[in-house]
Amino acid sequence: MITPDDDTTRLLLACPDQPGLIATVSGFLAEAGLNIVDVDQHSTAAGRFFMRMVFDSPDAADRAALEERFAREVAAPFEMDYSFSESASRKRVVVMVSREDHCLSDLLWRRRNHHLGGDIVAVISNHEDLRAEVEAVGIPFHHVPVTRETKDEAERRALELIGDDVDLLVLARYMQILSPAFLEALGAPAINIHHSFLPAFVGAEPYARAHERGVKLIGATAHYVTPELDAGPIIDQGVVRVGHADEVADLIRIGRDVERLVLARAVTAHLEDRVLLDGGRTVVF
């Protein structure tokens, strides 16, 4: 298993499917003297090809030339969308949260134990409740209150705090809807955890609505954030069985375990460059 700290390069690519793609990429790297240590690929019925390849990193002085050659000799002829990333370069993550701490606490634990694949550089909250927990592990905590009247100002302040040097925004039960203008200005992907097995029970109070319907399975969904509420590409989901004796409070308590695990899996997958977009869907290696 390749860990995020190993000296490797990750290549993600998507293109029209055709014979010879794997051989072409592998041959290019072999010619450059780079050993492939991990590879996953997937072809869809719609004729798209997706691949994640991990290989020994070239010398820093050779990286730019290697990527330029790849763009010219491989990517252009095969109409590839692609990206390179260095596994040793840890991505910067900002977390937004409201009052509930279960998802945030899980992310902080994974960060402390080097299981996250990135660095949490700041936490922004519309409440003060979790300040002590965040500052206890040496992460800056920023309180940005939000009301209906101050929402635009609060989003501007949050964007200032996030800054330009961030790779991922995580909404760890941040109970505010981000505006399309905020998402456009963010300049980085955002992942949300929704406490429902989407597309069921979009929006507020899904556990109460699930209880009203008498569902026997509840779940959670981690997805990329788009302007359409709870409709972004799904990265990970999980479910747990419940029964007729479980009240809404029971569903909330049971669901919290699913939420934190699903969010952690999605965030880790993104930070380890395991997620590719396929229109409104994802391919997760």
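Author: Happy to! Asp273 is buried, and Arg10 is buried too (buried is under 20% relative accessible area, exposed over 50%, partly exposed in between, with a 1.4 Å probe and protein chains only). This is a predicted model, where local features need pLDDT of at least 70 and side-chain atom pairs count only at pLDDT 80 or more, while totals for chains, interfaces and linings use all residues. Residues are numbered from 1 along each chain as its sequence is written, and side-chain values use heavy atoms, leaving out hydrogens and water.

The side chains of Asp273 and Arg10 form a salt bridge, 2.9 Å from N to O (a side-chain nitrogen of Lys or Arg within 4 Å of a carboxyl oxygen of Asp or Glu). Asp273 lies in the loop between α8 (248-271) and β12 (275-278), and Arg10 in strand β1 (residues 8-16), so the pair ties together parts 263 residues apart in sequence. Helices (H or I, at least four residues) and strands (E, at least two) are DSSP runs, numbered from the N terminus.

Next, Asp236 pairs with Arg265 in a salt bridge whose closest N and O atoms are 2.8 Å apart. This pair links distant parts of the chain, with Asp236 in strand β11 (residues 234-241) and Arg265 in helix α8, 29 residues apart. Asp236 counts as buried at 17% relative accessibility, whereas Arg265, at 39%, counts as partly exposed.

Another salt bridge joins the side chains of Arg260 and Asp257 (3.2 Å, N to O). Both residues lie in helix α8, three residues apart, about one turn of the helix. In total, the structure holds 25 salt bridges.
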